Amino acid sequence: MRLENLIARRYIRYSGENREISSSALTVIVSIAVGIIFYICAVSIMNGYIYGVMQLSFEVKSFHVQYDGSRQENVPLTGSIEKRREALKGKGYTEMEELRLHFAEDKEVKYSALYRETNAVLQYSGKSTAVAFLRELPENIFQEDDGFDKGIRLLNGSKTLAFGEIMISSKTAQKLRVDVGDKIFVSFMENDNTTSVRIRKFTVSGIFSCGLSELDEQLAFIGRETGRRMFNELPYNLLLKLHHYNNAAAFCSKYQADGHMALTHWEEENYNELSALRFQRNIIAMIVILVLFVAVLNLLSTIHITVFEKKREIGILRSTGFVPAQITSLFLYLGLYLAVLGLIPGIIIGLLLCHNLNGIIAGVGEILSSINMMIYHIGNLFFDSPKPLPIEFFSSDFYLDKLYTSISISEILFISGLTLLFAVSAALFPALKAGYIKPNEVLKNE
């Protein structure tokens, strides 16, 4: 095998002497590299999109793990019960607070808190809009929960949930046309079993954005003390943040085995959306793989041309004792080397593009905006025209405000192995054909 390997490398090194072989080999290398770049970019963008959407959801909306207070079960708690109750003395002892301390003892838990939520209608100066989650949260959540703090990006005002204050999203603020310091009215019902509507007045303390327009429109936040004055019957829920969000399912299973069936994790809460996003990613990956397969098919014609051009050398090798299997392996090596020459730069360029994708897109936007402004100034010498707006690939109304990218080593290994498999498959037929060339026929024609 070592000799066949050496000959295959020599064929590649000296392929430039034959223009037809050289151009065909270059086409194979470039097409494989482009296919790999396309695959890495497409899959990493889809992975990043899934992660970006889900991260915002499980950091801000559904949390890593949550316990539904309306389904609270009477499950005996283990551990330092007396210590927990001692810690709650003078703080309005409740079973949910004891339950929170019970879960907080687990080393996997990074942050825990109680919260309440209801649907509400926000009103200001004759305008109104609804939010799906008017949430009562601890006033110190921005200091204690770094994931929540990063997910809620402040655009105006401050991240405070003092008594009588409310934080609303930029989408809500635009609909109501309010700003920080304005007074708005909030109408809500505590549960579905009552028809009485309560109305409270709040001061807007901050305007935020999550970077996900759909989620922005659903959320508004008030503090714990404000919620205590507002809600009488609304049950508390429990939110848990883990050190590793990927362990949420295992964490739930562990405690559900003890009877805590009201626990749910972020994958359950976002199951339909997560399944749809993964399906889209797999479809896109399949399309790109098919494109890559077509690119690798160029290898068949390249090996075929090489076999045709190297008939004399093949005849000489056969006459010196090379068996058909050795000739076949020689051209299989040739196909593998061409695939690797396209694979390696494709992976490197693909990873570099993904790592700098947002910067590249921003740079392209600035260049196009500059060209657009140049055309505007030249055209303005002859006729009046409206000034063009800057070109933004991700405006404030986009689903996500930037591209998230993520690709794993296993996915790179998968596409690398698949490319090499395609290369061997494409090279197999002409390689087998080369192995059964008869030396006497070739040398006789010479």
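Strand β5 (residues 165-169) pairs with β7 in the parallel sense over five bridges; strands here are DSSP runs of E of at least two residues, helices are runs of H or I of at least four, and both are numbered from the N terminus. Two strands count as paired if DSSP finds at least two bridges between them. The model is a predicted one, in which local features need pLDDT of at least 70 and side-chain atom pairs count only at pLDDT 80 or more, while totals for chains, interfaces and linings use all residues. Residues are numbered from 1 along each chain as its sequence is written, and side-chain values use heavy atoms, with hydrogens and water left out.

Elsewhere, strand β9 (residues 237-242) contains Asn-237. This asparagine is buried, at a relative accessible area of 10% (buried means under 20%, exposed over 50% and partly exposed in between, with a 1.4 Å probe and protein chains only). The Asn-237 side chain reaches the backbone nitrogen of Gly-69 at 2.8 Å. Leaving aside residues up to four places away in sequence, Asn-237 touches several others, among them Tyr-67, Met-96, Leu-114 and Glu-117, where contact means heavy atoms within 4.5 Å.

What about the cysteines? The structure holds zero disulfides, a disulfide being a pair of cysteine sulfur atoms within 2.5 Å. The sulfur of Cys-41 has its closest cysteine sulfur in Cys-354, 4.0 Å away, and is therefore too far for a bond. Both residues are buried: Cys-41 has 15% relative accessibility, and Cys-354 has a relative accessible area of 7%.

Turning to the helices, the axes of α12 (residues 271-296) and α17 (residues 409-435) come within 10 Å and cross at roughly 35°. Axes are lines fitted to C-alpha atoms over the stretch in contact, and angles run from 0 to 180 degrees between N-to-C directions. The crossing of α12 past α17 is right-handed, that is, the near helix is turned clockwise from the far one by less than a right angle. Residues making the contact include Ile-289, Leu-292 and Phe-293 of α12 and Phe-414, Leu-418 and Phe-422 of α17.

How values were computed:
Polar contact = N/O pair within 3.5 Å; in protein donor to acceptor, adjacent residues only side chain to side chain.
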